[in-house]
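Please keep the structure open beside you as you read, and take the points one at a time.

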Amino acid sequence: MAKKPEIKKQKDAGLGLGAKLILLIVLAVMALFIIPTVILLCVAMLPTFVAAITDRSISRMSWLCVGGLNFSGTVPFIADLWIRGGHMDAALSLVTDVFTIMLIYGAAGVGWLLYISVPQLLGAFMAMTATHRIATLKAQQEKLGDDWGPEVREGAEEAVAEFMRRGRVSDFNTPSG
Amino acid sequence: MAQEDGSDKGSDKGSGSAKFDPVILRDRYQIDPAQHIPDLDMPNARAFVATDKRNNQRNLYALVCEGHLPPRINLMRKLRGVTSPGLIPLIEWGTVDWPPIEGRCVSVVYERPMGGRVMKSMDAVFQPVPDQQFIKTIVKPLIAALTEIQSHSTVHRAIRPTNLYWIDKEQTRIALGDCTTSPPGYHQPMICETVESGMAAPEGRGAGYYPEDMYALGATLVAISMGRCALVHESDDTILTHKINNGSYATVVGEERVPLGIIELVRGMLVDDPDQRWTLEAIDMWMNGRRMNPMQTKQDKRSQRPFMFRNTEYFTRRALAHALTRDWEAGATPLMEGKVEIWLRRGLELHELADSVANVIRASGARAKDVGMARDMAMASALTLMDPAAPIRYGRLRIHMEAFGTALAISLTKKQDIRPYVDLVQKDFSKTWIAAQESFSTDHGRYGAEFREMQTYLTQATKGGGVERCLYEMTEYVACRSSLLKDQCVLEIADLLPALERVSGKVDPKTPPTDRHVVAFIAARYAKDTMPQIHAMNDTDPRKATLGMLAVLALVQWKMGPPSLPGLASWLGGLMTPVIESYHGRDRRRQLEKEVPKLVRKGNLPELFKLLDNAEERQADFDDFAVARLQYAQAAQQVAALESGNFRVSENSEKLGQQVAASISAAVSILAVIFVLLAHLV
């Protein structure tokens, strides 16, 4: 059992100098070819990087939401860069074009709006049905009271107090067993 | 003096003239409550005509224990079927439904002595048996009876002139009467009791050993030989004091003329020292012609100078101890102030005893005027040291160690103060008593162990402990003293549930059937299997307590039967509200309320228990209730949120919304890539 890691180490160490050299050359060629694209992407996807760093939301998925639309806005310009030969000049002209940047960042902004507004839309939907919902919930409480007696109310006051403190309703886990 | 007039019997509502149907004992012996035989009554039992259904030619009578004193059940077991020339045969015994008291009683069936009682009362006078026939007619049958009784390792302890019968109409065959219907020695006249036993209260005399029977027979023979009892008009105290001062033989015989042929026998049987008292072997040798040396009664050491107490002089420690006991409060002064110690040291020159008495008094820290347990306990210890063979004397208590349980039972029955018993147990008086004894007996270790066990029970204030538990642990055959089971004569655990069934219709249904006595009785008679349930019964939670009560009784029914107890089940069913209400679900409660009456009708307590304490149902109820509470709390939050206009969704919902938004965004980006690719390729 103790010999296996040693064998693996020997294999890692056995990657030859030639192979490393070939890998380096390939990467260098690719870098020469894609550097304009990378520059374009780096500038265009800045809102996504910002979203990823500053995200404090519950699901921590703002980078994906912002990034998706940010990339949607960037894709046509990447295609344009590649059609124009992928040269550095083309890339620089794109990143310095205000219209291009506004379009790309605008798409990212739409992503932000989407990320913020969908949960709010749910709340808004609830608000639209509030009166009916309150009646339903009270009826449900009355039924629970009939089925289980007044002792079923134990804990309700604390739950309301919790809502008042946190400003949002709790997610109750069903007891196991 | 005890008379055979039924003085200790219960109410007199069962008079012979009342019309009651005969009752049957063990499917064979018919006892007729309407045919009372007053001449054969015993102090704690009344006599009725009995008939053997298989042989109605037999002359039988039954003694029905209507009195409140505990009968000697173990002796009934031993003497059943025993036949001896000088013993009225005990044919059968058992408990019967007894209409006169509307309850149950222990009854004992005997062969009926056709010649009646030899002495109807202690002051009766009759024609004595001629001297020349005395040995053959009186002594031999009675010695044969005692031999038979001793062969069963037991003692009679009811040998007295009024408990002798002529078996035949011609009055030629004498026999000893019943000894089972009262506690041992309880109704013995002072003349028939040894000094040690006579010093005890009737309930505290105890069974004693064979010498007690020999003594009683000796005193009885004296009365029978004279045709009367000489000291009948003297008080018990006078007789006892006379015995202490002058010896038993001199007291019992006095100036009377005893047939010459039995003087030696009677002298041997009335020796005060139990070790020197004649045994059956000695009597047998005497009857075979061997003449014994006159007994020299070992005298207690006499003091050179008397001890003056209440204008009377006392020369022996027993006499002084007895006098101090008789007047407890006055006796405290010389004892606690050390005067007795000085007299023991200087008068009797018993320095070791004097030291011991001084030590116990000093250790108590009490003074003569300090009325209370410390002083009384010190006095009891000092008196025990002075006269170790005497009964324990503590306040008004006068009991021999072996009679502790019986005396406690009788005191409880008579509703007397039982605090002295508790004091003795709590202070473990057995240690003092055992240390004071001059000779070792194997019983001493048993007494010590019993006292320690009783101490444990006394510390348990809950049901199943306390003085009630002590009572049932110390007395094997005392009936359950529960007020619910009055007159039900529950002697064994198997009798308990049928008795509760009988009384179920008569008691307040809100009263639980398990009072302190019932639980202590179960704990003592059936401890191994019922203690967990009894612990549950003592729980402060009413649900657990009620279930514990049902569990105990269900267990007893399961193990002992009977299979159906509808009355008791109905009684218990009415008390199950806390259990039913312990279920949260109203539907479950309604379901149980519907099911309980069905099982009540069946009278099956184990099934009732199973229904009410179904573990799966209880868990399901618990889980469902927990869910319901959460649902209610969640609904309350949502209502509060909606009413306050704060429509923020929950964390989960917000998370879900954000995930949806991210998914939409990702999908749009993929569509954008596809669209661009298509636009440039096509």
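Predicted model: local features only at pLDDT ≥ 70, side-chain atom pairs only at ≥ 80, totals over all residues.

1. Now follow the chain through the turn. The hairpin of β5(B) and β6(B) has four residues between its strands, and in this hairpin B:Glu102 adopts a positive phi near 50 degrees.

2. β6(B) has another partner to look at. Strand β4 (residues 60-64) of chain B pairs with β6(B) through five bridges, again in the antiparallel sense. Here B:Leu63 has B:Val108 of β6(B) as its bridge partner.

3. How much of strand β6 (residues 103-111) of chain B is buried? Seven of its nine residues are, so the rest of the structure largely encloses this strand. A residue counts as buried when 20 or more other C-beta atoms lie within 10 Å of its own.

4. Next comes an open sheet in chain B, made of three strands in the order β7-β8-β9 with antiparallel pairing. Its edges are β7 (116-117) and β9 (174-176); each has a single partner strand, so one side of each has no neighbour in the sheet. Two bridges connect β7(B) with strand β8 (residues 164-166) of chain B, and B:Arg117 faces B:Tyr165 in β8(B). As background, strands of a sheet pair through backbone hydrogen bonds, either parallel or antiparallel.

5. Stepping back to the domains, chain B is assigned domain 1 (23-287), domain 2 (307-435 + 452-459) and domain 3 (479-613). Taken over C-alpha atoms, the centres of domain 2 and domain 3 of chain B are 44 Å apart.

6. Chain A is assigned domain 1 (19-118) and domain 2 (129-167). For these domains of chain A, 49 Å separate the C-alpha centres.

7. Where do the chains meet? In all, 49 residues of chain B are in contact with 54 residues of chain A. On chain B, the side that touches chain A includes at least two residues from each of α25 (586-602), α27 (615-644) and α28 (651-681). Sorted by class, this side of chain B holds 24 nonpolar, 16 polar and nine charged residues.

Note on methods. Residues numbered from 1 in each chain as written. Chains lettered and ligands numbered in written order. Domains from an automatic or database assignment. Pairing = 2+ DSSP bridges. Buried ≥ 20, exposed ≤ 12 C-beta atoms within 10 Å, placed from the backbone. Contact = placed C-beta atoms within 7 Å. Nonpolar A, V, L, I, M, F, W, Y, C, P; charged D, E, K, R; others polar.
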